[in-house]
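Please look over the sequence and the model below before reading on.

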Amino acid sequence: IDGLPRLVAFRKIDSYPLYVLASRSQAELLAEWKAGSVLVAAFVLAFAVMAVSFHRTMLRSWRARESTLAALVEKDEALARSLHELEQSKQSVEQASRAKSAFLASVSHEIRTPMNAIIGLTYLALRDARSPAVRARLEGVSDAARHLLGLVNDILDLSKIEAGKLQLEEIEFDRDGLLSEALAMVMPAARAKGLELVLDSG
C-alpha cells in the first residue's frame, strides 16, 4: 500500500461476502516491542538497584550484628575472668582467715597454759609470803599475769568477731579497781624514771 513491508491478517465476516483486512508495518511492530523492552529493562534495572541496595543494607546490618555479638562475647569473657579472679581472691582471703584463726588459737593456748601456771604459783607464793614488800611484788606479778591473760582472751575475741561468733554480754565490773590494776602495772616503771602517777576517777 505504502511500499513498506507489512504483516497482514484478514477475517471473513459471517453471513456477509466481506473480509476484514488489517495490516501493520514492521516499524510499527518493532516500535511497540522496543517500548515494551525499554519498560521491561527499566523494571529489571530498578529491581536490580533495589536488590543491590537491600543486599548492602543487610550486609551492613549483619556486620553490625557481628560486631555487637563480638563485643558481647568479649564482655562475657571479661566478666567470667573477673568472677574467676574474684572467686580465687575470696578463697585466698578465707584460707588466710582460717590460717590466722588457727594460728591465734594455737598461740593463745601456748600462752595461756604457762600464764595460768604463773598465776597459780604466784597465789601459792602469796600464801607463804610474810614480808609486805615480797607480797607487794608477788601481787604485781599476779596482776600483770592476769592482765596479759585478758589480752590473750581479747585477741581471741577479735577472731570471733571476724568469724561472726562473738556473743556480747552485759556484766557489772569494778571501774576503780580496773583502773587501779592498770596503774599498778606501770607504776614501777614510772617510779624508776622519777615520775609520779596519780589516779583520779572522780
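At 35% relative accessibility, D176 counts as partly exposed, a label for values between the two limits of under 20% for buried and over 50% for exposed, found with a 1.4 Å probe and protein chains only. This is a predicted model, in which local features need a pLDDT of at least 70 and side-chain atom pairs count only at pLDDT 80 or more, while totals for chains, interfaces and linings use all residues. Residues are numbered from 1 along each chain as its sequence is written, and side-chain values use heavy atoms, with hydrogens and water left out.

The side chain of D176 meets that of R175 in a salt bridge, with 3.5 Å from N to O; the term stands for a side-chain nitrogen of Lys or Arg within 4 Å of a carboxyl oxygen of Asp or Glu. R175 is also partly exposed, since its relative accessible area is 46%. A search of the whole structure finds one salt bridge.

G177 has its place in helix α3, which covers residues 175-192; helices (H or I, at least four residues) and strands (E, at least two) are DSSP runs, numbered from the N terminus. With a relative accessibility of 21%, G177 counts as partly exposed.

When its neighbours within four places in sequence are left aside, T122 is in contact with L138, V141 and S142, where contact means heavy atoms within 4.5 Å.

| Pair | Residues apart along the chain | C-alpha separation |
|---|---|---|
| L69 and S89 | 20 residues | 30 Å |
| G177 and A129 | 48 residues | 23 Å |
| A80 and N153 | 73 residues | 43 Å |

On the surface, I13, Y16, L18 and V20 form a nonpolar patch with about 370 Å² of accessible area together. Patches are made of residues with over 30% relative accessible area and no salt bridge, with like charges joined within 9 Å and nonpolar side chains (Val, Leu, Ile, Met, Phe, Trp, Tyr) within 5 Å; accessible areas come from the Shrake-Rupley method with a 1.4 Å probe, and for residues only the protein chains shown count as cover.

Taken along the principal axes, the C-alpha atoms fill a box of roughly 170 × 35 × 30 Å.

Of the 202 residues, 9% count as buried, and the protein exposes about 17,300 Å², of which carbon and sulfur atoms supply 63%. Among the contacts with a separation of 6 or more, 35% are between residues 24 or more positions apart.

The mean pLDDT of the protein is 81, and 91% of its residues reach 70 or more; pLDDT is the predictor's confidence in each residue, from 0 to 100. Confidence is lowest in strand β2 (residues 18-25), at a mean of 71, and highest in α1, at 85.
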